[in-house]
Amino acid sequence: MKTIALYSIKGGVGKTASAVNLAYLSSLTQPPTLVCDLDPQGASSFYFRIVPNKKYSSRKFLKGDKKIYNNIKGTDFDNLDLLPADFSYRNLDIELLEEKKPQKKLKKNIEELNTEYPFIFFDCPPNLTLLSESVFTASDIILVPLIPTTLSLRTFEQLFEFFKENKLDTSKIRGFFTMFERRKVMHREIVEEYSGKKRFLNRTVPYNSEVEKMGIYRAPLNAVRPNSPAAIAYQELWEELMGEID
Amino acid sequence: MNTSLDPLFFSVSDTFDLPTHFKHPGISFSFHAEPVKKETLHCYDTFDWKGWNKNNTILLYRRRLNIIDLKNGREIFSVSFRKIPQSFFPNDVDNKATASKLFNLSKLRAFICYGSIETEVRSWKVLDENQKTITSVELRSIPSSNEAQKKLFVKLSPVRGYGKELQAVAGELKKHPEYVGKTTFTDFYKAVLAAGGIVPDNYSSKPFVKLKPSNTIQDSARKLLLSTFGVIQANEQWIPKTIDTEFLHDYRVAIRRTRSILAQLKRIFPPEKLSRYSQAFRELGKRTNNLRDQDVYLLQAERFRALLPVTMRESLDPFFTDLGNRHKKELRAFSRYLVSEKYRLLMQEWKSFLSNDMSSDPAITPDARKKTSDVAVSSIQKAWKKVIRHGREISRIATDTELHALRIDCKKLRYLLEFYASVFPANILRMVVCQLKELQENLGAFVDLSVQQDYLNDYLSNLQCTAENTPFAASIGGLVTALYHEREQVRMNFHKTFDKFDRPETEALFNGLFKKNR
Ligand SMILES: Nc1ncnc2c1ncn2[C@@H]1O[C@H](COP(=O)(O)OP(=O)(O)OP(=O)(O)O)[C@@H](O)[C@H]1O
Ligand SMILES: [Mg+2]
């Protein structure tokens with residue numbers, strides 16, 4: 001089992017769009033795949049038209065095992081399942097505090113799913129919290145989408161610092177650029193300088209209004225508009241990532 | 001509540017339809033109909049129905065090869081498969097996991113297309129208020145020669161996490177005026193097979209014949225020979241089609257069994273008939289010897305190659321090409337023989353001999369009226385004693401001739417145990433056969449390896465002494481050496497294996513068999 005987190009301290013950088021599309025691609029090549037929506041706003045659940053069961057909550061999520069298992073839902077796509085987020089997930093951070101080893105909680109809770117899913121994706125909320133720390137331990141790869149701006153790079157550096165200070169494995173972190181606009185000088189310069197560097201993936205995802213329309217399609221872009229520029233970029237990004245995993 | 005992922009099956013009557021909406025307490029659904037489609041289901045299985053016997057349905061449709069659990073209708077594998085072959089081998093499937101699943105069902109047999117059934121499908125997606133698919137409904141009609149008997153099945157496919165919704169939809173279907181009843185995937189598949197006139201599981205290379213211990217041996221022998229004749233007939237028309245090697249193999253085994261019964265039950269058939277048929281079946285068997293040998297080499301091509309260092313493998317290719325050509329020629333000749341008048345008459349005559357009343361004149365057939373169980377016990381006892389006696393006489397070095405001879409003794413014993421299986425307690429018999437099998441495997445491996453070496457040596461001595469042939473000869477030489485070492489290993493294991501067979505525990509098992517029938 002490989003676990004991939006889409007994570008960033010910053011909001012609105014394309015975590016959810018990337019999680020949904022990459023997970024869809026994974027379900028085609030490495031079936032079956034699971035998406036865990038960890039954001040109380042439930043954006044990825046929304047994209048798949050899935051609402052959690054009425055009795056599902058952050059407490060159940062923390063109990064793990066059967067509680068998680070029974071709340072996984074099949075999407076409209078073969079071999080792609082989702083554990084929806086409930087609004088109560090906004091309390092996860094506080095609730096995690098009560099746990100004995102909050103950092104290890106998520107890793108432990110998904111162990112059961114090991115045999116069933118070769119790939120699990122986490123769609124994370126922005127911010128750096130206890131939940132994020134739990135995600136860091138549970139993930140094999142931490143994919144960080146960045147809009148090519150100096151500010152984004154700064155937060156990326158902050159994440160690194162945090163990892164080092166807390167003796168976490170920095171080699172898990174991989175950045176990649178999203179919403180790239182060629183006509184912007186700053187975007188061009190940053191992408192040229194960074195993509196392909198040790199901590200970054202080569203492939204960038206261009207700014208593409210089709211991504212915004214995912215809210216209307218309510219489906220992965222790669223499923224409904226596979227020839228759109230962003231879908232092609234995600235396809236190539238996934239191939240690049242797979243090439244590194246093998 | 002745990003969500004079961006088994007699809008649900010219902011049978012319905014002809015006018016079945018679904019509304020666009022329905023409300024259930026607390027949930028409301030909409031049904032979205034998709035256009036009616038024709039869909040052909042291609043049913044595959046091995047000739048001996050290995051899939052069916054292990055509850056695996058192999059169905060090709062929508063350009064996908066599907067392995068479905070016969071008991072619950074769950075898809076075990078579904079992989080893209082873009083041809084509709086008359087038959088295929090597991091290796092022809094690109095997906096590794098699927099190929100190995102099929103290979104585990106049958107190592108040597110091909111999967112044959114037993115029939116292609118054209119069905120008509122209407123499907124609906126069932127959506128909740130968020131337009132999320134919570135289940136899909138499929139109405140499939142399976143044709144029948146009689147329009148009135150056309151069968152209609154509804155399949156509800158579950159979506160993970162929507163068990164409650166699935167049950168609600170199922171509940172709604174049950175209220176439907178066209179609802180007939182709950183059914184299963186097994187029934188569905190049986191209906192598909194019936195529509196194609198396919199009878200599953202209608203072949204066994206070792207038909208079980210229920211003998212009555214108190215019947216005369218003549219009567220029992222005829223029954224055994226008739227069922228063995230059935231195996232001959234079942235296979236003969238398939239041999240020329242080169243689908244897999246097992247048709248010829250089973251055919252040959254049936255001939256050998258026939259010969260074995262004739263040889264061991266001498267005084268129960270009229271002597272002149274006996275010698276006529278013994279001779280005829282011996283000749284028939286002989287006609288297939290080369291074919292079988294070639295089959296074995298071709299099956300082992302990969303193993304043979306692997307025995308050689310990588311650099312020498314390629315020079316072996318001409319050997320296999322040559323073998324392939326010879327095999328084709330030989331098969332053509334034998335296929336012609338199978339449709340010849342001579343063969344037809346022999347089979348016809350044999351069948352009528354077995355089906356008609358026979359002389360029970362004690363002067364001609366003195367043993368014909370003996371009790372089946374008595375003959376069973378005495379002949380097995382004799383054959384077993386013979387194996388023990390000959391086995392113990394085998395020298396320390398265990399010569400080729402000694403091992404060859406013992407192998408034949410064991411085969412005879414094995415056939416007898418199989419013939420009379422129905423008069424002995426099944427559990428003891430199974431253990432006895434198990435013991436014997438181990439010994440037979442050792443001897444079988446030994447003889448096979450010997451035959452292979454002889455064949456290669458023969459081949460080598462007929463090879464022209466030219467420069468081009470040098471690497472080829474070297475490869476064959478290398479192969480002979482490798483096979484020689486393997487065989488000597490097997491020879492070394494013989495005494496240990498035989499001692500395992502020749503011990504008080506096995507003896508007790510045999511005596512257990514006999515006691516029950518005394
Ligand atoms: N490549 C792109 N081109 C154009 N728009 C994009 C692209 N990627 C994402 N967007 C849009 O940007 C917005 C934010 O994207 P998304 O929701 O994926 O980010 P996020 O990091 O998950 O945000 P949050 O932090 O709120 O969870 C969305 O409206 C999305 O449609
Ligand atoms: Mg998001």
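For the residue classes used here, Ala, Val, Leu, Ile, Met, Phe, Trp, Tyr, Cys and Pro count as nonpolar, Asp, Glu, Lys and Arg as charged, and the others, Gly among them, as polar. With that in hand, the shell around ligand 1 in this predicted model sorts into eight nonpolar, five polar and three charged residues.

The shell holds 16 residues, and the closest to ligand 1 are G14(A), K15(A), T16(A), A17(A) and N208(A). Two elements of chain A, helix 1 (15-29) and helix 10 (209-212), each contribute at least two residues to the shell, with helix 1 giving the most, three residues. Backbone atoms also come into the picture. An oxygen atom of ligand 1 sits 2.9 Å from a backbone N or O atom of G14(A). On the nitrogen side, a polar backbone atom of P206(A) is 3.0 Å from a nitrogen atom of ligand 1, and a backbone N or O atom of N208(A) lies 2.9 Å from a nitrogen atom of the ligand. Of the 620 Å² that ligand 1 exposes when taken alone, the protein buries 82%.

The largest has a volume of about 80 Å³, and its lining includes Y7(A), K10(A), V144(A), P145(A), F156(A) and L159(A). Strand 6 (141-146) and helix 8 (150-165) of chain A are the elements that give two or more residues to this lining; helix 8 provides the largest share, four residues. By class, the lining of the largest cavity comprises eight nonpolar residues, three polar and one charged.

Definitions and conventions. Residues are numbered from 1 along each chain as its sequence is written. Chains are lettered from A and ligands numbered from 1 in the order in which they are written. This is a predicted model: local features need pLDDT of at least 70, side-chain atom pairs count only at pLDDT 80 or more; totals for chains, interfaces and linings use all residues. Side-chain values use heavy atoms; hydrogens and water are left out. On a 1 Å grid over the protein atoms alone, a cavity is a set of points where a 1.4 Å probe fits but cannot get out, and a pocket is an open set with protein on both sides within 12 Å along at least five of seven lines; lining residues have an atom within 4 Å of a point. Grid points are joined across faces, edges and corners, and a volume is the space filled by probe spheres set on the points. A residue is near a molecule or strand if one of its heavy atoms lies within 4 Å of it. A polar contact is a pair of N or O atoms within 3.5 Å; within protein, one must be able to donate a hydrogen and the other to accept it, and residues adjacent in sequence count only if both atoms are side-chain atoms. Accessible areas come from the Shrake-Rupley method with a 1.4 Å probe; for residues, only the protein chains shown count as cover.
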